[in-house]
Amino acid sequence: MSSSVFERIESSHPHVCRVFRGLADGERHLQRIMELDRYWEKPPDTVHPVIKPGSELPPEAVLSGEYDLVYAGGTLGLLHAAVMARRYGRKVLVFDRHIAARSTRDWNISRDELQRLAETGVYSGTELDSVIVRRYKTGWVEFFQPDGSQKRLYMQNVLDCAVDADRLLCMSKEKVLSGVRNSVLDGTTFICCYRFPGHVVVEVEDSQGRRFYYKAKVLVDVMGVLSPVARQLNEGRPQTHVCPTVGTIASGFENADFDTGEILASTGPAETAEGRCRQLIWEGFPARGEEYITYLFFYDEVDSPNDKTLLGLFETYFRILPEYKRPGKSFVIHRPVYGIIPAYFHDGFNRTRVIADDHIVLLGDSASLASPLTFCGFGSMVRNMHRLTEGLDRALRGDSLGKDDLAVVSAYEPNVASMANLMKYMCFNPRTDEPNFVNEMMNEVMIVLDQLPPRYREAMFRDELRLDELVTVMLRVAMRYPKILLATWQKLGVQGSAGFLKNLAGWAFSSTK
């Protein structure tokens, strides 16, 4: 990236320009951020077909390899590929348009959740412990109140382990490559796939512009929020909500508590400027050594007029960071962390988003089935690893690779789908909400959770809440905070309220199976 690009954003994003110029790998990160921001340049409902009939395969195409599974995406896809290769003996290819096994975010999870990977038999408990770089003692959630009366809700075993994402991914990559039949490719971009009755052919392009073709029984799409496959399968509407997230891994803060995780924290009311109507929320997690991770994010509808670019949010992050954590004299930013966390509202009794087609399955953020409130794609993948891998192997063994067969290979959880409705309440709407509405509402939720046994708060923030427990919380909040009833009408409307009730009914029915 030439210096002219920095000069081009210097007036519009001066803080971003200054900080990224000073980072050793700043240009590469800025490229990735601008690439993600191109998500917002695509008009809604527009689709560029990337799933094509086999008859359109170029006659000069020559296969460069044949695999059971071809993974488009080399971050979360590597976790899944490692289990498919090592436990189930599948021949796999993983490719990434950038560098496989390198993430733009680090991850937090509870140790018990992370140890679920050990249940696959592919990762040992010792290996998994080695990727935990810090485990904090307690965590809390707190939402700003003007008079300082906010409830700080403490909880244990919630996102309390800081995971070195790249170390875990490199470990997974090594497990994939321990099978001589398997391959991992960097600098390789998905172009399209050609579907035949018994397989797909995946067309890719390397960094020199050369085209290659790979035959697979199944294409596993783990390309994340930018997935063109997800966009086509969902008719240009792959997400309904998003959570733009930016932050840094840094050291030298004056007021960082390395024994405590700040799971959700707001420091003021919502911004109300045109194009930036949003309730900003912070997260703060101790990491390796003296390093500390801070995130800034907000929840929003895909169709809102707000600026949802990561570049714009980074500018805000650098400008207001001292309001949350004070950089000291030895303050150093080691690297940025960022991403667009997707979410999808399922208007039905079960999953309504399309996550599969013949010989194609979507996982991770491509599938948009995780809860944006807590775990996101990593936690969802880990929590559902057994059924995501065992189910795909069963489909391969039975040669049951049609759309309906592969749709069963899903991380969809009825409780998560129902809980995801709560995100709608956290999307600030200047037409209906007072500036401190989100904080006021969430503070009432924290008070209710504080009055209930600890299991309630821990289960809510680990996506483990039972239906009866959610109903208890909802009823108590409504009794304490009647405004929530009007807000429900304003936030959800008739269709959204009906959809929420369908989600709850689907959850209830699934619990009886």
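In helix H10, Cys376, Gly377, Phe378, Gly379, Ser380, Met381, Val382 and Arg383 are buried. Buried means under 20% relative accessible area, exposed over 50%, and partly exposed in between, with a 1.4 Å probe and protein chains only. H10 is thus listed as mostly covered, with eight of its eight residues buried. Helices (H or I, at least four residues) and strands (E, at least two) are DSSP runs, numbered from the N terminus. The model is predicted: local features need pLDDT of at least 70, side-chain atom pairs count only at pLDDT 80 or more, and totals for chains, interfaces and linings use all residues. Residues are numbered from 1 along each chain as its sequence is written, and side-chain values use heavy atoms, with hydrogens and water left out.

Aromatic pairs were examined next. A search of the whole structure finds 16 of them. Rings of Phe, Tyr and Trp (its six-membered ring) pair if their centres lie within 6.5 Å; planes under 30 degrees apart count as stacked, over 60 as edge-to-face and the rest as tilted. Tryptophan 107 and phenylalanine 378 have ring centres 4.1 Å apart and planes at 10°, so this pair is stacked. Tryptophan 107 belongs to strand S4 and phenylalanine 378 to H10 (residues 376–383), so the pair ties together parts that are 271 residues apart in sequence. Tryptophan 107 is buried, at a relative accessible area of 8%. Phenylalanine 378 is buried too, at 4%.

A second pair is formed by phenylalanine 314 and tyrosine 317, and it is edge-to-face, with 6.2 Å from centre to centre and 85° between the planes. Both residues lie in helix H9, three residues apart, about one turn of the helix. An α-helix has 3.6 residues a turn, so residues three or four places apart point the same way. Phenylalanine 314 and tyrosine 317 are both buried. They also belong to one aromatic cluster, formed by Phe20, Trp282, Phe314, Tyr317, Phe318, Tyr324 and Tyr338.

Helix H9 (residues 310–324) also meets helix H3 (residues 26–37). Their axes come within 8 Å and cross at roughly 125°. Axes are lines fitted to C-alpha atoms, for helices over the stretch in contact, and angles run from 0 to 180 degrees between N-to-C directions. Angles under 35 degrees count as roughly parallel, over 145 as roughly antiparallel, 65 to 115 as roughly perpendicular and the rest as oblique. H3 and H9 are therefore oblique to each other. On the H3 side, Leu30, Ile33, Met34, Leu36 and Asp37 meet Leu310, Leu311 and Phe314 of H9. Contact means heavy atoms within 4.5 Å. By class, this contact has seven nonpolar, no polar and one charged residues. Ala, Val, Leu, Ile, Met, Phe, Trp, Tyr, Cys and Pro count as nonpolar, Asp, Glu, Lys and Arg as charged, and the others, Gly among them, as polar.

Two strands pair if DSSP finds at least two bridges between them. Three bridges join S4 to strand S8 (residues 161–163). Tryptophan 107 stands opposite valine 163 in S8.

Strand S14 (residues 260–265) is mostly covered, with six of its six residues buried. Strand S6 (residues 138–142) pairs with S14 in the parallel sense over five bridges. Here leucine 264 in S14 is the bridge partner of valine 141. S14 and strand S15 (residues 281–286) pair in the antiparallel sense over two bridges. The bridge partner of glutamate 262 is glycine 284 in S15.

Two residues other than glycine stand out by backbone angle. Glutamate 235 has a positive phi, near 55°. Glutamate 235 sits in the loop between helix H8 (228–233) and strand S13 (241–253). Glutamate 235 is exposed, with a relative accessible area of 64%. Serine 368 has a positive phi of about 55°. Serine 368 is placed in the loop between strand S20 (360–362) and H10. Serine 368 is buried, with a relative accessible area of 2%.
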